[in-house]
Amino acid sequence: MTTTTHDSPTDTPPRSATQRRVLTVLVASQILSGAGLAAGITVGALLAQDMLDSTDLAGLPSALFTAGSALAAVGVGRVSHSRGRRPGLAAGYLTGAVGSAGVVAAAAVGSAVLLFTALFVYGAGTATNLQARYAGADLAAPAHRARAVSTVLVATTLGGVVGPTLAAPAGVLADALGIPTLAGPFLLAGVAYGLAALVLLVWLRPDPLLLARRLEGERHTASSATTAPASGSSRGPGLVLGALTMILAQLVMVAVMTMTPVHMHDHGHGTAASGLVIGIHVGAMYLPSPLTGWLVDRYGRRTVAAAAGLTLLAAGLTAAAAPAHSVVLLALALALLGLGWNFGLVSGTAMITDALPPATRAKGQGMVDVSIAVAGATGGLASGVVVSVGGFPVLALVSGILALAILPAVAATANSR
């Protein structure tokens with residue numbers, strides 16, 4: 001309750017200036033958290049494979065930290081709903097840092113149970129990294145909402161690209177500390193998530209969600225003098241399509257991304273090569289965000305959602321056809337995979353934010369992100385089984401075809417406003 005008092009914008013600067021400050025702080029925190037996110041992606045499956053000596057469960061780490069992100073999405077959403085974005089996001093990143101430390105400890109003592117528990121907790125960082133995009137849109141005008149989301153997303157690029165390239169040096173550091181090499185990137189993740197939380201706690205003032213609610217209340221009060229006030233709790237159109245687009249994009253992206261390092265490792269590629277491919281993938285997930293935001297605001301949410309389905313299909317076809325020895329073609333496939341995910345996330349986020357008023361926005365967004373996380377967990381868990389039974393090309397092809405389900409959903413809602 002005291003957070004609301006501290007963040008009460010009684011002397012708030014103009015809305016545009018406040019939005020610029022909010023985006024600046026979010027950009028700084030996302031650069032840090034991007035490194036933490038990418039580090040775990042790069043070696044999580046390899047660490048599990050090494051500890052369990054089995055490919056069948058190599059997708060389990062991805063499933064666990066995406067399942068953990070589902071629970072965290074609920075927690076971050078509820079804390080944000082009741083106390084604002086600042087404490088919600090900071091708590092999520094701190095939880096991710098604790099999970100990172102747990103992974104390092106599990107690798108050090110060789111405990112698979114502790115590893116899987118810690119990976120579940122580590123997932124809070126993933127959920128928070130995604131929830132931060134909503135904070136960028138809280139104060140944005142509807143016509144610029146997608147671009148505000150994209151600004152927050154693109155900030156993840158620097159950390160996301162640098163993180164995998166630091167996998168090898170982090171492994172050297174881990175060796176020097178007497179820790180298994182593959183646990184090294186999680187040392188980086190813990191520090192990065194902790195610093196991201198600190199940046200938000202110190203500088204994300206005023207709280208964008210709390211300010212958006214106050215401004216919405218003032219607007220309703222002013223309008224009620226001449227007209228009937230607008231509803232503060234109704235849902236607009238686009239909620240279902242926005243959620244479905246992000247759910248399918250997440251499921252397909254996680255499934256293919258999770259097994260790519262394992263596929264490369266099984267065909268003789270080293271950590272540096274898989275780190276490069278994942279770095280390109282993460283860059284494609286976030287770097288195109290400014291262009292994607294402009295496209296969404298200029299040509300519409302549904303148009304870019306349809307483009308997401310087609311791009312993810314192209315990614316699946318490319319990955320399925322790529323020779324295992326070709327780092328270039330695998331990198332191209334993972335770049336298309338990241339781009340398709342970006343199209344889906346930015347367009348879907350804009351639709352969700354359009355549909356939910358500030359009074360219920362954080363809670364609704366949290367529940368949507370739970371569904372996204374569950375989809376990611378499903379993709380991660382199933383990916384190892386599919387590869388074990390049919391091979392990586394089958395996984396890539398099936399995933400690409402599945403993404404096409406976005407197109408009939410777009411067509412079915414073409415007449416809604």
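## Rings, a cavity and a cis bond

Arginine 133 places its charged end over the ring of tyrosine 134, 4.1 Å from the centre of that ring. Arginine 298 does likewise with tyrosine 299, lying over its face at 4.9 Å from the ring centre. Here a charge sits over a ring if NZ of Lys or CZ of Arg is within 6 Å of the ring centre and within 35 degrees of the ring normal.

A word on the model before going further. This is a predicted model, in which local features need pLDDT of at least 70 and side-chain atom pairs count only at pLDDT 80 or more, while totals for chains, interfaces and linings use all residues. Residues are numbered from 1 along each chain as its sequence is written, and side-chain values use heavy atoms, with hydrogens and water left out.

### Aromatic pairs

You will find 5 aromatic pairs in the structure. Rings of Phe, Tyr and Trp (its six-membered ring) pair if their centres lie within 6.5 Å; planes under 30 degrees apart are stacked, over 60 edge-to-face, and the rest tilted. One of the pairs joins tyrosine 122 and tyrosine 193: it is tilted because the planes stand at 55 degrees, and the ring centres are 5.9 Å apart. This pair links distant parts of the chain, since tyrosine 122 belongs to helix 5 (residues 112-137) and tyrosine 193 to helix 8 (residues 184-203), 71 residues apart. Helices are DSSP runs (H or I, at least four residues), numbered from the N terminus.

Tyrosine 122 has 0% relative accessibility, so it is buried, and tyrosine 193 is buried with 0% as well. Buried means under 20% relative accessible area, exposed over 50%, and partly exposed in between (1.4 Å probe, protein chains only).

Another pair is made by tryptophan 294 and tyrosine 299, whose ring centres are 5.9 Å apart and whose planes meet at 85 degrees, so this one is edge-to-face. Elsewhere, ring pairs tie Tyr93, Tyr122, Phe186 and Tyr193 into a cluster.

### The second largest cavity

How many cavities of 30 Å³ or more does a search of the whole structure find? There are 3. A cavity is a set of points, on a 1 Å grid over the protein atoms alone, where a 1.4 Å probe fits but cannot get out; its lining residues have an atom within 4 Å of a point.

Helix 3 (60-83), helix 5 and helix 15 (358-390) each supply at least two lining residues. By class, the lining has 5 nonpolar, 3 polar and 1 charged residues; Ala, Val, Leu, Ile, Met, Phe, Trp, Tyr, Cys and Pro count as nonpolar, Asp, Glu, Lys and Arg as charged, and the others as polar. Domain 1 (15-213) and domain 2 (235-415) each give at least three residues to this lining, with domain bounds taken from an automatic or database assignment.

### Contacts along the chain and a cis bond

Asparagine 129 is in helix 5 and is buried, with a relative accessible area of 0%. Tryptophan 341 sits in helix 14 (residues 327-355) and is buried too, at 2%. Valine 98, in helix 4 (residues 85-109), is exposed at 57%. The table gives a C-alpha separation for each of these residues.

| Pair | Apart along the chain | C-alpha to C-alpha |
|---|---|---|
| Asparagine 129 and leucine 32 | 97 residues | 9.9 Å |
| Tryptophan 341 and leucine 248 | 93 residues | 9.0 Å |
| Valine 98 and leucine 119 | 21 residues | 10.0 Å |

Finally, look at the backbone. Most peptide bonds are trans. The bond from arginine 205 to proline 206 is cis, with omega near -5 degrees, and proline 206 lies in the loop between helix 8 and helix 9 (208-223).

Technical notes: 1 Å grid on protein atoms, 1.4 Å probe; cavity = no way out; pocket = protein on both sides within 12 Å on 5 of 7 lines; lining within 4 Å. Points joined across faces, edges and corners; volume = space filled by probe spheres on them.
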